[in-house]
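Please keep the sequence and the structure in view while reading.

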Amino acid sequence: MKQTVLTIITEIDFDKKEQLEGILSAIQGNLLGNVYIPFSSLSLLHFCSFVIIDNPGGPSLLIFENNFDGKLSEYLVELLEFAGKGIDQLYKCCKAYHSDDYDPEKLKEFLIKNVVNPNAYHIGNVGRAAKVVGENRQLREKLEAYLDQLFVRSKPTDFPTDGIRKNIQAYLQDNVDPNLFNTLPPHQTFLERGMPWTWLTIAGLLAIIIVIALLPVFLLLVYILRRHEEADKPFTQPASLDHVDVLMRTENQISQNHLASITAIKPGVFRLILLKIVLFATNLLARTSNKGTLSGIPSIHFAHWSIINNKQLLFLSNFDGSWSSYLDDFIDKASRGLTGIWSNTVGFPKTRFLVLDGATDELAFKAFARGMQVPSLVWYSAYPDLTVQNIDKDSKIREGVLTDLSETDSKQWLKLF
Amino acid sequence: MAMLDFSDIQGFILSSYSNNMPCANYLLLKITDASLCRKWLAGITSNITNGIDRKSDYTLNIAFTAPGLKALGFTDEDMSTFSLPFQEGMSTPIRQQLLGDSGNSAPEKWSWGYKENEVDILLLLFASGEDELSRLMTLRLAEISSGIGVRKIESLFAGRQPDAKEHFGFLDGIGQPVIEGTGLEEKQLSRTGHATVIKAGEFILGHDNEMLQPDPLPTGLQMQDFGLNGTYLVFRQLEQHVHEFWNYLLEKTRDSEGNVSQAAQDELGAKIVGRWKSGAPITIHRHADPAIPPAINQDNNFTFAAKDGSGFGCPFGAHIRRTNPRDSLFDDPEISIRTVKRHHIIRRGRSYGDRSENVYADDGIKRGLHFICLNSNIERQFEFIQQNWANNPSFNALNNETDPLIGQRNENNIFSVQGCPVRTRVHDLPEFVTTKGGAYFFMPGIKALMRLVGDV
């Protein structure tokens, strides 16, 4: 099952912004029971958010983030079936959407027209549909409860390794809905796994050839970059207490958190093109990730970068744990990658050669990150208590529960509980 | 390496004084008249113990909350240079949620540190004996009632304990980072067989931290380096429900015939803590507390990833594995160690209340830990450990578990004990520890203190 990551970006009608904010706050205030979007009916949806970006001198933008299973067309069918009228209410507050009577076809057309596909994205649990994530959790919970029951009158050491597995398998056949443990397809097909590496290799070779063939040009570009970097002015003010307070108030309600940030791309074509190249490379790299990590970070469900109107860089991330641990992960494991991206935006801490320094200046980087963050006005997670690693473990439990495993593999499998 | 000016650093940052000062009192004060208070503070400043004093009778140290500094003349602009949690205080809804202070631990139920019991000044008194402490206290209390511009909110006594064990019965305070430049590495090495040397800037402001940059230096009273050689002091009064703990162990280890066994209780207790009562780590001593205790202090030199990757010794969710994951935070041990080094605290807590005579009986005596820790960045250190490790329900990819010893309790809290061939679990962990009070303090350097009281 392929997942899709995209945003729908629309301009907000100035006169109706307050009304829009009212609706969004009503949705967030009652995520599972609001009248606009019955999230729990959306079986394809993993994570979803609404964010407003204010632009001085220009219209504010409504960002509708969607991370879902399958193709957009299938998702929209489900979305409009359950939430069409509510979504219609939202977009009535946006420009260029004319709807006197709710017309699902018109709304669908409008949404598709305003889709922005990300320049780069990452998916933590590749190929695991939201529905399957829920099933796997149920299966794990049932097996955990069974094991607890088993050890009321016995000890684990009373059983040989395969004895416990045999017990579990017998329990499954008699007591558990087969839909919870039937075979899952692999996370990715052979082609899906192989192609990203092929593309990455081709792109890498091309890059090397271009650099060598046009070495003087390349050196000139490096020189221009250094000139830019010396002239760039990082922000020095920490984010205001009030701003941080607003952000923190909605954080840490569940196991996961959401981060939406918007940064202005540094003026001029040079930085814009550079950013596009870096994001292109990031995307190629992210496609080859199949262990659930992005540059070694194990806690990201869905993250994406989109360039808006060639002026702004939008970053949306759904991650496990707190903001501070997320930022630390960034600094410890991916500082070059993220410096390479955000150093093309205004206010980022001082860099050298695009990827050096920058994010390793911990305090300046964290201040920058907080300053650029915008509140997540609505944010929904289909599985609020599961981390990327939880989901992976649950999936492995199901994948191995009926399979013939060697003694060593059986031991490993039992460690998943 | 940092050159530290020990004469400008309060002695408490460098030493717990536990060797020769077994008796302590923490005086929590509210300022009622700033100018009188400043005059009083000016009088005692020369008595504040610094890093080169070698006192044998008593020591005196001091720290201030944000409201305390404001009362003594710090402007809003000054305050904005301090760490954000310090500015806001420990009892705001955001902090409350982040630290897990809900239910019985909610700030509304605290005996100090919230609203009308808010504190401005913490005076730390340590003395060589009961008589010395009572002499000091009589003096201080007389002073306070004579009108020195402060009111007493609480006086928290932490008396002599029979040994270095905390009230649940486990040896405490074993692992402790060594501040680079203090020369205490050898001492820690000989005491515990292990010393983690950490950059001074993690604990003393104005010096480089583990990221080789200094944490923000607070300014105030026209003193650009007011924060130099100061630190943030976190104080939490944690009441321990000893009988709850041991009765829980007793019930959960009862066998199917209803028999109870001390060995089984001790083992489950050791799984929860990650150490046996003697302090011996369960990662190394898998089956029982080693018979000859003196050697155990040499045992702190261990790692989880290499020796205990499956959690069969020390469970993934055990207290010491959560609060100091060593090399097991991520798949890569080296990255783990590097990351963990940026989240260390220096613990300076002391037990209060008499030791339980019968750990299964609710004797009505209040006892616990006056938890105190020192760090340069409350968010990155103390709060990080509390939020991301101790109270994280998905720590180490567990489900719905928090620190089995000190963690915040959710519905049906579980503790998994990994084992071969498969784990066992205990359910419905009760609250073993309740927060009774707390505040974030700033402990200034000596020069800054002199500016604060108007001497310079």
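## Basis of the description

A residue is called buried if 20 or more other C-beta atoms lie within 10 Å of its own, exposed if 12 or fewer, and partly exposed in between, with C-beta atoms placed from the backbone. Helices (H or I, at least four residues) and strands (E, at least two) are DSSP runs, numbered from the N terminus.

The model is predicted: local features need pLDDT of at least 70, side-chain atom pairs count only at pLDDT 80 or more, and totals for chains, interfaces and linings use all residues. Residues are numbered from 1 along each chain as its sequence is written, while chains are lettered from A and ligands numbered from 1 in the order in which they are written.

## Confidence in chain A

The pLDDT, which is the predictor's confidence in each residue from 0 to 100, averages 92 over chain A, and 100% of the residues score at least 70. Within chain A, strand 3 (residues 61–69) has the highest mean, 98, and strand 10 (residues 356–357) the lowest, 88.

## A covered helix in chain B

Helix 14 (residues 382–390) of chain B is mostly covered, with nine of its nine residues buried. Among them are Phe382(B), Glu383(B), Gln386(B) and Trp389(B). The cover over these buried residues includes helix 10 of chain A, as well as helix 5, helix 6, strand 7 (231–240), helix 12 (319–323) and strand 10 (368–375) of chain B.

## Where the chains meet

Two residues are in contact if their C-beta atoms, placed from the backbone, lie within 7 Å. In this sense, 34 residues of chain A are in contact with 28 residues of chain B. Helix 10 of chain A gives the most to the side of chain A that touches chain B, namely five residues. That side comprises 11 nonpolar, 10 polar and 13 charged residues; here Ala, Val, Leu, Ile, Met, Phe, Trp, Tyr, Cys and Pro count as nonpolar, Asp, Glu, Lys and Arg as charged, and the others, Gly among them, as polar.

Helix 10 (residues 323–342) of chain A also meets helix 9 (residues 269–288) of chain A: their axes come within 8 Å and cross at roughly 145°. The axes are lines fitted to C-alpha atoms, for helices over the stretch in contact, and angles run from 0 to 180 degrees between N-to-C directions. Leu275(A), Val278(A), Leu279(A) and Thr282(A) of helix 9 face Gly337(A), Gly340(A) and Ile341(A) of helix 10 in this contact, which has four nonpolar, three polar and no charged residues.

## Domains

Domain bounds come from an automatic or database domain assignment. Chain B is divided into domain 1 (6–171 + 206–231 + 443–452) and domain 2 (239–437). The C-alpha centres of these two domains of chain B lie 28 Å apart, and 36 residues of domain 1 are in contact with 38 residues of domain 2.

For chain A, the assignment gives domain 1 (3–117), domain 2 (130–186 + 387–414) and domain 3 (190–381). The C-alpha centres of domain 2 and domain 3 of chain A lie 39 Å apart, and their contact takes four residues from domain 2 and seven residues from domain 3.

## Nonpolar cores

A nonpolar core is a set of buried Ala, Val, Leu, Ile, Met, Phe, Trp, Tyr and Cys residues joined through C-beta atoms within 7 Å. The largest has 111 residues, and those touching the most other members include Leu28(B), Leu122(B) and Phe442(B). This core draws at least three residues from each of domain 1 and domain 2 of chain B. Apart from it lies another core, of 83 residues, among them Phe47(A), Val278(A), Leu279(A) and Ala286(A).
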